[in-house]
Amino acid sequence: MANILLIAEDKKRELKKVTLNALTFAKQAAEKINGQVIVLAVGAGISKVAEEISAYGVSKVITAETDGLENYIAETWSAVVADVTRANDVGLVCMASTSMGKDLMPRVAATLGAGMASDVLGFDGATFTRTMWAGNAYANVEITTPIKVCTVQGTAFDTAEKAGDSPVESFMPTIPEAKTRFIGFNESVSERPDLTEASVIVSGGRGLKGSENFKLIEDLADLFGGAVGATRAAVDAGWMPNDLQVGQTGKIVASDIYFAIGLSGAIQHMAGMKNSKYIIAINKDEEAPIFEIADAGLVADLFKVLPEITNTIRKEMGK
Ligand SMILES: Cc1cc2nc3c(=O)[nH]c(=O)nc-3n(C[C@H](O)[C@H](O)[C@H](O)COP(=O)(O)OP(=O)(O)OC[C@H]3O[C@@H](n4cnc5c(N)ncnc54)[C@H](O)[C@@H]3O)c2cc1C
């Protein structure tokens with residue numbers, strides 16, 4: 001195998017932190033196969049992102065920007081990634097397993113005729129380890145095509161450290177005629193950090209009993225400048241928007257502190273948050289599975305204790 005190509009992801013031209021976790025994977029993989037890490041930043045006005053990632057000591061950062069790449073469309077972006085792959089002796093193409101990574105990389109694999117592994121946790125130079133069954137099983141898979149593609153579970157890798165300047169070069173992509181056309185983008189706007197980037201997350205579940213009670217969750221989250229999360233039960237009930245769902249079919253997070261409030265700890269929820277560093281659970285049922293992985297737990301009625309806890313922390317913080 002030769003070089004490793006990591007696709008950088010940005011939000012409004014700011015590098016997404018999870019790319020730095022995927023970079024740690026890419027560097028580890030490069031050591032195993034004696035290859036070099038190349039980072040590709042695609043999109044219009046991407047030079048700021050390229051500059052930022054160039055401080056992480058990779059063999060080079062490639063920017064691909066031209067008309068037609070202003071807005072992400074898997075069809076056009078995958079063609080660009082495939083062209084850069086072919087032009088740079090790349091044996092493994094990887095990206096963080098974000099919504100975009102999950103959308104883009106299968107198409108990259110199809111374009112290159114490559115085999116793919118998703119949600120990868122490790123690579124020993126020959127086989128990829130990936131999670132299955134909501135994180136309850138691990139599979140070792142071998143990809144037999146010369147070029148391999150994978151998405152990387154960012155929460156399984158530390159954030160890469162800065163490691164010296166890297167050269168930045170530009171690649172002039174040819175944009176294929178696309179069958180899809182970008183029309184518009186409706187983003188849910190929040191003052192709170194993105195779940196996948198937040199160091200403190202306060203999540204609520206069915207125990208909150210209604211959307212109005214999520215104010216209790218938000219109050220605690222806002223004290224820390226944290227993000228609000230929800231279980232699928234709370235999302236399905238229409239109490240919280242879909243993009244706040246944590247779990248197997250929601251966001252995979254690894255915050256420094258994760259408050260799990262009024263949620264039972266179903267395996268599908270835990271699959272999305274169990275890598276958080278310090279988990280604090282509040283549940284009135286002492287048998288709730290969330291207590292099995294909690295670092296601190298309180299068996300109590302959340303409606304009694306949560307306002308008290310929030311007020312005490314507020315006072316301690318002098319807010
Ligand atoms: C294929 C598949 C994918 C799924 N993906 C996801 C996913 O991504 N994310 C996800 O979250 N779920 C997912 N689920 C759903 C999951 O199985 C659970 O149904 C869901 O997580 C339960 O949500 P909950 O913990 O809020 O509700 P419940 O399991 O009903 O738990 C509510 C908890 O609140 C406690 N409680 C009630 N009242 C109070 C109170 N006053 N004070 C304190 N505690 C109280 C109860 O004791 C209980 O433990 C998925 C399921 C399937 C089949």
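Predicted model: local features only at pLDDT ≥ 70, side-chain atom pairs only at ≥ 80, totals over all residues.
1. Ground rules. Local features need pLDDT of at least 70 and side-chain atom pairs count only at pLDDT 80 or more, whereas totals for chains, interfaces and linings use all residues. Residues are numbered from 1 along each chain as its sequence is written, and side-chain values use heavy atoms, with hydrogens and water left out.

2. Helix H3. Spanning residues 74-87, H3 has 14 residues and reaches 20 Å from its first C-alpha to its last, close to the 20 Å expected at 1.5 Å a residue (the expected span being 1.5 Å times one less than the number of residues). Helices here are DSSP runs of H or I, at least four residues, and strands are runs of E, at least two, numbered from the N terminus.

3. Burial of H3. Eleven of its 14 residues are buried, so H3 is largely enclosed by the rest of the structure (buried means under 20% relative accessible area, exposed over 50%, with a 1.4 Å probe and protein chains only). Among the buried residues are Trp77, Val80 and Val81. Their cover includes strand S1 (3-7), strand S6 (90-96) and helix H4 (99-112).

4. Helix H4. In H4, the buried residues include Met100, Leu104, Met105, Val108 and Leu112. Seen down the helix axis, the buried residues of H4 fall within an arc of 140°, so they line one face (the arc is that of the directions from the axis to the C-beta atoms). Exposed Ser99 and Ala110 sit on the face turned away from that buried side.

Key:
Contact = heavy atoms within 4.5 Å.
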